[in-house]
Amino acid sequence: MIRVGVIGYGTIGKRIADAITKQNDMKLIGIAKLKPDYEALIAIEKGYRVYTHRERVKDFEKRGLDVAGTIEDLIRESDVVVDATPKGVGLKNKLEFYDRHGVKAIFQGGESAEIAEVSFNSLINYEKALNRRYVRIVSCNTTAILRILASFLINDIQIDRVRVFIVRRGADPKEYSRGPINDVVIEPTPSHHELDVKSVLPDINIATYSIAIPTTLAHTQFLYIVFRDRVDRDYIIDVLEKTPRILLVNREDGFTSIAQIFEWSRDSGRDRNDLYECIVFQDTVTVKDRELSMIIAVHSEAIVIPENIDAIRAITGFEDKWFSIKSTDINLGIIQKGKVYGK
Ligand SMILES: NC(=O)c1ccc[n+]([C@@H]2O[C@H](COP(=O)([O-])OP(=O)(O)OC[C@H]3O[C@@H](n4cnc5c(N)ncnc54)[C@H](OP(=O)(O)O)[C@@H]3O)[C@@H](O)[C@H]2O)c1
C-alpha cells in the first residue's frame, strides 16, 4: 500500500483525495488545508483525517473540527505527498517541509517546471518519473494537448508542427471573485502552455495562443497540427479512439456544445460531473493532406486527476506504465471501450 498525503484540498486536491481512495494499492493518510471551513467539514464527514499548519490548529478546534495533526505529521506518515496548493505555495512547502523531511512529492501545473526533476504526462513519459523524488503534473490544457500528441507519437505518426488556440474558462465554478464576467481577455503571446508542453516534449515545434472568456465549464482548444506525411482522416479518428483518456463525441449523438457533455456526465452519475477525458468533437476533425484541425474541450477541474494517480505509482517505483494507466481508468470509471492499453 502506498501511503499518500494530499496537501491542499481545493478544486484539484479534493478530487485527488477521492481518487486515491478508489485505488487498491493506495491509502489516503489524510488531507491538509488552512481554513476550518465547509470543505474541511465535508472532508471530516467523509472520514478523511484533516491536518493543518501548527498555528492554525486552534482555529479548527474553536469551530469544533477534529485535527489529526500538523502538516509535518502528515508528511511523516506518508510515503508520498501530493501538493495541490495554489501557485507558488508548492515551492514554499517544498523548501519548508519536503526537502527537510525527505518525502517524495508531486506538484501541480501552477508551479514552474524547475520545482521537479520531471514534468509528467502518463502516456508520454511515465518511465521518467520512476523512483524520482519530485514530479510535477503539467496544467490542464497542457495535459490535453499532450494526450492528443501522445496518440500520434505512440502510433509513429511524425509531427512537423503544432499550433493551439486556447479559449480558457475564466474561472472554476467556485471562484466567485474571478473573471472575466463580460469581456474577452487577450493573454500574453505565446501563452504559457507552449513552455509547459516543451517541459515534457522539448523538441516539439509548437506555438500556443490564449484568450479567456466568461464561462466556468471548461476550456476549448482549436488544434492545428501538420504531420510530416500525408494522413487519412479515418486513420486519425481510429488512433484517437484507441488512445486512453481521449473521448470522441459527435453531433449524431446530440453533442453540439460543452454543456451537453456535462449533462451526459451528470446523467452517467459521475462524481462531481467530472470529465477526466480529453473531449474531441469528432465532426470538427478535418484532414487535408498533411494537416489536421479539430476542436477539443478540457474540464479544467478534472483532467489532471488520472495523471496524478499514475504519478503516485511512478514516483514510488511501480514500473508497469500501462497497468497503472488501465487501473486508474477502471477505478475512476473512465471510458475504456475501444481503448488499447499498450503500444
Ligand atoms: N483549478 C484548476 O482548474 C486547475 C487545473 C489544473 C491544475 N491546477 C493547479 O493545481 C494547483 C491547485 O489549484 P486549485 O485550483 O485546486 O487551488 P484551490 O482550489 O485554490 O485550492 C488550494 C488548496 O490549498 C490549500 N492551501 C493554501 N495554502 C496552503 C498551505 N500553505 N498549506 C496547505 N494547504 C494550503 C487551500 O486551503 P484553504 O482553502 O483552507 O485555504 C485549498 O484547500 C495549482 O498549482 C493550479 O495551478 C488547477
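Predicted model: local features only at pLDDT ≥ 70, side-chain atom pairs only at ≥ 80, totals over all residues.
**Domain 1 meets domain 2**

Which elements of domain 1 supply at least two residues each to the side that touches domain 2? Helix H1 (11-21) does, and so do strand E7 (118-120) and helix H6 (122-125). Helices H11 (305-315) and H12 (321-332) complete the list. H12 gives the largest share, five residues. By class, that side of domain 1 has 11 nonpolar, seven polar and 10 charged residues.

Now the charges. The rule finds nine salt bridges across the interface of domain 1 and domain 2. Separately, look at the side chains of Asp 329 and Arg 245. They meet in a salt bridge, 2.8 Å from N to O.

Let me step back to the domains themselves. The domain assignment gives domain 1 two segments, 2-138 and 304-332. Domain 2 covers 140-298. Their C-alpha centres lie 26 Å apart.

How many residues are in contact? On the domain 1 side, 28. On the domain 2 side, 20.

And the area? Domain 1 and domain 2 bury about 2100 Å² between them. Of that, 55% is on carbon and sulfur atoms. Which residues of domain 1 lose the most area to domain 2? Leu 123, Ile 124 and Val 138. Together they account for 29% of what that side buries.

So much for the tour. Two items to find on screen: the Asp 329 and Arg 245 salt bridge, and the trio Leu 123, Ile 124 and Val 138 in domain 1.

Notes:
Residues numbered from 1 in each chain as written. Heavy atoms only, no water. Domains from an automatic or database assignment. Contact = heavy atoms within 4.5 Å. Buried area = accessible area lost by both parts, 1.4 Å probe. Salt bridge = Lys/Arg side-chain N within 4 Å of Asp/Glu carboxyl O. Helix = DSSP H or I, 4+ residues; strand = E, 2+ residues; numbered from the N terminus. Nonpolar A, V, L, I, M, F, W, Y, C, P; charged D, E, K, R; others polar.
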